[in-house]
Amino acid sequence: MKPADLTRLRQPGSLALDPSGSRMAFVVSIPDVEEDAYLRSIWIVDGEDVRQFTSGPRDSMPKWSPDGKRMAFLRSPEDGKPAQVAVIPVDGGEAKVITEFEFGVEAVEWSPDGSWLALTAVTPTSDWEDADEEERKRRPRRITNVPYRFDNIGWRDDRRRHIWLVDPSGSAEARCLTPGEFDETLPSWSPDGRKVAYLTDRDPARGLMSGNDVMVVDVASGDQEMVVSRGFWMLPSYRPDGVLHLLGDPSLDFPLLYTLHRVEDDGSTTSLTGHLDRSSVSSGGPAFVCWEGTTAIVALEDSGKLGLVSVSPEGAVSTLIEEQLTVTSADAAGGRVVYTATSWDNPGEVYEVGRDSPISNLNTEDLDLVEPHHLRVISDSNEIDVWVLLPEGDGPVPLLLNIHGGPATQYGFGFFDEFQVYASAGYGVVACNPRGSSGRGLDFLRAVIGDGWGVVDMADIRAAVDAALERFPRLDPGRMGIMGGSYGGFMTAWMIAHEDRWRSAIAERALTNFASFAGTSDIGGTFPYLYTRAQYPDWETWWAKSPLAYAHRVTTPTLVLHSENDFRCPIEQGEQYFMALLRNGTPAEMVRFPGEGHELSRSGKPRHRMERFEIVLDWQARHLT
């Protein structure tokens, strides 16, 4: 696979069955380098007929009306412009855009009787409502709380996310259900249509205090009520009999496992999947709960896999999908369970539980992919999942270690363009899930907290590299490169300061200095404490856990990659680290991507993603070949 092959990938996105289960809609996304945008349209499956349904090129989030005759979805008029809600008759007719919110709409849900749509819409605060784009760039901003900006979202201080009611015909005036000075997201209708549940954060110390709140608004009166104690919650969802469920955990002690919780009458919650010691949400991956009667369908993360399970009202769990793949969305209706998933050799297709072959056939082009070898390595009595990709041939190849972000996420069996591009370029790719990763239970996830940070995870990565060198003699121990993004960038910078075995390093969007990160990152109010367990102003501990403190030891040639609009690991992190390397006389370069955020390598502009690949391959070729 070459960098230019990004344009050949067809990736299915969110999907939805109609209420009868007979028809299905799903999103197809295609990177377009000439447009420098992702072309997205909605496709329909009717029996064995799979066809494009909307013209796009920026359509997403299809939602069927309760009678199956209409579909609501989000449509953006042009790249970079806010998405609005459109409604289209399914059996013939044109789509009609029915909203005009200044900063767009982020979620849409039909009421049970089909008479209303509940939206998460973004509107300016009263003191900014008359400001045009130029005035927004010019005017000084008065900041009173955090986070005032958020990665991949931008400014938050001048706008609010509220739950609105909109007539699907577009004829009635929109009504805000949750006015005020807070943000609300992810509306979910009660089955009787009288209430809408949503997530918000009403704590006076929000941004400095972990967790969020779950509330319900009465549609008729507008009365709002907090229904669950504060926790780490996401995706409220009503069972068809009216019982509210949540993904998450009542603990405020992150990292944690996102399990399926039933909300009891007294506001407490009961975890229905906590006994599995696995999460139903992968960091950066899917979050969904779909219902087939009173049975919930959720994802389950386990040792590099992300499958599907069904959960009874009493918490009995049955496995639906346990193959070596990564599920990316799912839905259930009419006795059917459908899902989208990727595997090492396919960027994504649509499947049905119980059916052998995929429903869709989006990716038919031969990309000449390299099959990963999966092995398990013991490190300090812990089993670590490791993947190795070897280029074709028999001769020795440079070893290129990749370290994932998070750290509370995992590498897995799904399609990953980076591994394929590097292996096709002649590198032996090594990747692993060290302690701190998800997919191995709560103790494994939390092993890096406090004294474990930068210690147990580094031990596991070293063990994975040593095992790969022993198992695969083609890997050349004299030509080894290391790279990673976010936490992976932290670990890259950390490891090259603690050992001299690496001939090349790329620290991408890295956390390098906890002290400045705590004041500049969109999650700086909580993340440093949650992992180091050091509270402000414990500068000594934060500095001791920062790669910048050891940058003077680095001799490995290092490329610093960073995005200028990265609000998760702001670019000052890369700037400080690059300057330290220059002061050492360490061979170093810095590449800055304008207009991009923390997610550049995954969802940045297609042209930037291709250019990033070319920059990475050029750097590695200069030092490893």
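The second largest pocket holds about 460 Å³ of space. Here a pocket is an open set of points on a 1 Å grid over the protein atoms alone, with protein on both sides within 12 Å along at least five of seven lines, and a lining residue has an atom within 4 Å of a point. Points are joined across faces, edges and corners, and the volume is the space filled by probe spheres set on them.

This is a predicted model: local features need pLDDT of at least 70, side-chain atom pairs count only at pLDDT 80 or more, and totals for chains, interfaces and linings use all residues. Numbering starts from 1 along each chain as its sequence is written, and side-chain values use heavy atoms, with hydrogens and water left out.

That pocket has 27 lining residues, and Gly207, Leu208, Gly524, Gly525 and Thr526 lie nearest its centre. Helix H6 (514–520) gives the largest share of the lining, four residues. Helices, H or I, have at least four residues and strands, E, at least two; both are DSSP runs numbered from the N terminus.

Next, the cavity, a set of points where a 1.4 Å probe fits but cannot get out. Strand S35 (residues 558–563) supplies three lining residues, the largest share.

Last, an open sheet of four antiparallel strands, ordered S9-S10-S13-S14. Pairing takes at least two DSSP bridges; S9 and S10 (residues 117–124) have five.
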